[in-house]
Amino acid sequence: MINPRIDRNTRVIVQGISGRAGKLHSRLMKEYGTNIVGGISPKMEVKEINGIPLFPDCAAAVKATAASACVSLVGAMQLLGAMQEAVAAGIRYIVTPTEGMPVHDALKAQHLVREKGVIWIGASTPGMAIPGIVKLGFLPDDSLQPGALGLMSKSGTLSYEAGYRLAQAGVGTSVWIGVGGDPVKGTRYADLVPFYAADEQTRALLIIGEIGGREEEDFAAALNAHRFTKPVFALIAGRTAPEGVAMGHAGALIHGSHGTYAAKRAALEAAGAAVFGSLNEMVQGVCARLR
């Protein structure tokens with residue numbers, strides 16, 4: 001079973017820390033409480049960024065810090081190599097927010113992490129968080145209130161708004177996982193069903209999905225297969241999207257009847273999930289069950 005829980009003791013390194021995104025988000029993650037112990041920057045002459053010591057590669061960082069987790073903030077074309085370096089160094093948990101990873105590279109990365117037993121969140125993920133404790137990625141602090149609602153999402157922006165509105169209404173999150181919007185990824189909704197079923201701090205589960213792909217339909221099948229008994233809520237973006245127009249994530253592809261809003265809603269409702277037609281409706285429905 002995939003267990004995405006980490007804590008303040010988890011030692012984290014940041015690849016690409018010397019870039020604009022790396023400098024910004026390493027600081028924000030550190031300020032939130034994430035135990036960032038090193039950054040990877042082969043060519044930097046300075047010894048630290050944001051008070052975080054720099055290392056030339058993952059092997060040196062892991063040897064010096066005993067890090068087990070990594071946030072990779074490198075370009076799409078460099079991402080596979082960065083992941084290979086991290087896995088070879090002994091990293092067991094990788095979060096990759098980068099969008100646009102080539103599909104063939106993603107397939108190689110997927111094979112690598114499965115072979116080595118590494119948890120990979122991404123690609124094209126907003127990140128993950130245990131609210132009030134730790135976050136890896138871009139998730140905004142205002143959306144991260146501790147609570148009992150597990151949250152999974154493809155979209156970053158929509159999930160930020162959902163998390164913020166729920167937090168304002170007094171509903172917090174236990175474990176937030178942005179699975180990412182790319183067609184090939186490390187962790188999918190269905191993969192996390194056993195974890196959320198067993199997690200004692202999660203009383204209910206919310207997915208923020210979108211049209212295209214089979215992920216929500218596979219998630220519904222996993223709910224049935226694992227006899228998931230906690231309340232499940234869903235919001236599917238793209239209900240009014242016009243046919244034949246390219247929009248959204250790379251993984252948002254519709255094949256025949258699969259991937260449509262109607263197909264996803266039918267599958268989720270058949271599995272016992274409450275599917276809402278708007279963000280406001282979702283917030284009201286979740287609050288009614290959990291507050």
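Student: How do strands E1 and E2 pair, and over how many bridges?
Tutor: This is a predicted model, to be clear. In it, E1 (residues 12-15) and E2 (residues 36-40) run in the parallel sense, with 4 bridges between them.
Student: Which residue of E2 does Gln-15 stand opposite?
Tutor: Ile-40.
Student: And what do E1, H1 and E2 make together?
Tutor: A right-handed β-α-β unit, with H1 covering residues 20-32.
Student: What about E1 and E5?
Tutor: Those two also pair in the parallel sense, over 4 bridges. E5 is residues 69-72.
Student: Are the E1 side chains buried or exposed?
Tutor: Buried, on both faces. Val-12 and Val-14 take one side, Ile-13 and Gln-15 the other. In a regular strand, side chains alternate between the two sheet faces.
Student: Switching to H5. Which of its residues are buried?
Tutor: Ser-159, Tyr-160, Ala-162, Gly-163, Leu-166 and Ala-167. They lie on the same side of H5, because their arc around the axis is only 165 degrees.
Student: What do they pack against?
Tutor: Strands E10 (146-153), E11 (173-178) and E12 (204-210), plus helix H9 (279-290).
Student: Which exposed residues are on the face turned away?
Tutor: Thr-157 and Gln-168.
Student: How far apart are the end C-alpha atoms of H5?
Tutor: 17 Å. At 1.5 Å a residue, its 12 residues should span 16 Å, so the two agree.
Student: What follows H5?
Tutor: Gly-170, with a positive phi near 90 degrees.

Conventions: Residues are numbered from 1 along each chain as its sequence is written. This is a predicted model: local features need pLDDT of at least 70, side-chain atom pairs count only at pLDDT 80 or more; totals for chains, interfaces and linings use all residues. Side-chain values use heavy atoms; hydrogens and water are left out. The expected span of a helix is 1.5 Å times one less than its number of residues. Buried means under 20% relative accessible area, exposed over 50%, partly exposed in between (1.4 Å probe, protein chains only). The arc is that of the directions from the helix axis to the C-beta atoms. Contact means heavy atoms within 4.5 Å. Two strands pair if DSSP finds at least two bridges between them. A crossover is right-handed if, with the strands pointing away from the viewer, the path from the first strand over the helix to the second runs clockwise.
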